[in-house]
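Visitor: Please take me through this structure one feature at a time, with the rule behind each term.

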Amino acid sequence: MDGMSLLTITVLAVFVGFEVVSKVSSTLHTPLMSGANAIHGIILVGAIIVAGQASDPWVLAVALLAVVLATANLVGGFVVTDRMLEMFRGRQRPPSSVVSSEEHAGKERGR
Amino acid sequence: MTLLDPTWTALLYLAAAACFILALKGLNSPRTARRGNLIGGFGALLAVVTVFVSVKLDNVPWIVGAIAVGSVVAAPVARRVQMTQMPQLVALFNGVGGGAAALVALLELSHTGDAWVRLAIVFTLLVGAVSFAGSGVTFAKLQGLMTTRPVTFPGLPVLMAVVLLAAVGAGIVVILNGSLLLALALLILGLVAGILLVLPVGGADVPIVISLLNAFTGLAVAASGLVLGNVLLVVAGTLVGASGTILTRAMAAAMGRSVAGIMFGAFKGGSTAGSTAVSERPVRSSSPEDVAVLLGYAQRVIIVPGYGLAVAQGQHTAAELALALEARGTEVDFAIHPVAGRMPGHMNVLLAEANVPYESLKEMSDINPEFKTADVALVVGANDVVNPAAKTTSGSPIYGMPILEVADARQVVFLKRSMRPGFAGIENELLHEPQTTLLFGDAKDSLTKVLGAVKAL
């Protein structure tokens, strides 16, 4: 892709980035930070490309290290964000879906 | 194996980029946040599958093995970490991402002869290394491996200037002739700069730095996307860079500080470190039973949780107390200061873990007018965020920080370990006011006793 198109995309992405988080409530600042953190783990794509083109063993070793680090960022980031968000519950819903399904199972057995 | 054609590849990357935008968008509200994050995870999976089917790759077994290692290391840690330790985990994941971006840039140097691409490589190397080392220091501070107080020494600003000048010099040479040796030097200079950047940042400001370094890693990833000509990396990195910048500014504003003041405050000597002197002035202390009577016969109680509550792991007891009071017909809300806890928004996560519904977690701007109608404000393990000195004492380190107006409530009850001042190390005048009652002790113990006494009413 030519430089001008990349520059256009970059500038537009800046505005989208500003726009999507400008109205975020402070309630979710921690998960937002962690979620954005997970997204930049997508450097994994770059690390895979570099590792896939490596012929020298040293280059491959460094590239594989990058793959490990990027995967940790990506996988760890999404998993921990999901764990945090799972805990945010509204007033109406039951405190734990596990408990309610167990109760349900208990009723089934009792029948 | 035939490779996917470039049009389909571009479309799949575009879909992944859209997933990331939806992920950030979903995080605007607790109702949509979890679904948003799952969409983001799906986008990442889509992108990784796309790269395997669209680029001719050697060493595939090695790459798959490395991905497995990274997942096996990170997923259990992410699953088991305690919610109180969230800030350091985010710092850690951020650091390794920055490190990965720097390594990718280093390896691409031999593949290009274009000066513009080399400029992007230099930027990624430097910013990625700063983010890696800076996050490492942040992790050490939050994990208690080193002091959380600002670390400064006389030559620090000069050393920082020398390191940055050397980095600029090395960067220019790398752009001109692509020297691998100087690129390595640049990497090391970036690591040193990252350490020097975070060392002087102290105490409550450390979490803001996590957010700033998060934005840095985003920019490094965007620049590496320019290096590799990969649009997805450009878009995802830029999104994180931009949103991280906004988030950093929002957090700094919640503390009444500027980002520059946080990063360079200690250089000028105006740090957040204060004294730990204990005041001799009289206060009114009370028993758990008295506090229970105050709470049990109140119409409206607002609980103000702080980091002391999290340290004592008392969030579950606080949630139980709220339920017990609501069962008696008392209206209970939690007033959450934006920087309560160890990082902005942290207290919301801790209370959500204790099953407090998010509707009960009120933001500062919403709850402040309501303290006037509250019978009791119950402050648990918080101090600086309710300290009126932020409004009245212009010389105070927290002057200008927006606070929760607990002084407006008819009665104020503090659950505190001791008379020691908070993080910022300044005395709280509110403790000596006539409407204030203190109950000394560990937050969880005190709450348990108060809860027992409320149930016995």
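This is a predicted model: local features need pLDDT of at least 70, side-chain atom pairs count only at pLDDT 80 or more; totals for chains, interfaces and linings use all residues.

Guide: Residues are numbered from 1 along each chain as its sequence is written, while chains are lettered from A and ligands numbered from 1 in the order in which they are written.

Visitor: What is the secondary structure of chain A?

Guide: Helices (H or I, at least four residues) and strands (E, at least two) are DSSP runs, numbered from the N terminus. Chain A has five helices and zero strands, giving the pattern α-α-α-α-α along the sequence.

Visitor: How many of the residues of chain A count as buried?

Guide: A residue is buried if 20 or more other C-beta atoms lie within 10 Å of its own, exposed if 12 or fewer, and partly exposed in between, with C-beta atoms placed from the backbone. Chain A has 111 residues, and 53% of them count as buried.

Visitor: Where does UniProt place features in chain A?

Guide: UniProt positions are given here in the numbering of this model, feature names are shortened, and annotations may be inferred rather than shown by experiment. An unreviewed UniProt entry puts "domain: NAD(P) transhydrogenase alpha subunit C-terminal" at residues 7-89 of chain A. That span is 80% helix and 0% strand, with its end C-alpha atoms 41 Å apart. The unreviewed record also gives "transmembrane region" at residues 32-51 and 58-80 of chain A. Residues 32-51 are 85% helix and 0% strand, and their end C-alpha atoms are 30 Å apart. Residues 58-80 are 100% helix and 0% strand, with 33 Å between the end C-alpha atoms.

Visitor: At what angle do the axes of H4(A) and H2(B) cross?

Guide: Axes are lines fitted to C-alpha atoms, for helices over the stretch in contact, and angles run from 0 to 180 degrees between N-to-C directions. The axes of helix H4 (residues 57-86) of chain A and helix H2 (residues 30-54) of chain B come within 9 Å and cross at roughly 165°. H4(A) and H2(B) are therefore roughly antiparallel. Angles under 35 degrees count as roughly parallel, over 145 as roughly antiparallel, 65 to 115 as roughly perpendicular and the rest as oblique. The crossing of H4(A) and H2(B) is left-handed; a crossing is left-handed if the near helix is turned anticlockwise from the far one by less than a right angle, and right-handed if clockwise. Residues of H4(A) in this contact include A:Leu74 and A:Phe78, and those of H2(B) include B:Ala33 and B:Arg34.

Visitor: What of H4(A) and H3(B): is their crossing left-handed or right-handed?

Guide: The crossing of H4(A) and H3(B) is right-handed. Their axes come within 7 Å and cross at roughly 35°.

Definitions and conventions
Two residues are in contact if their C-beta atoms, placed from the backbone, lie within 7 Å.
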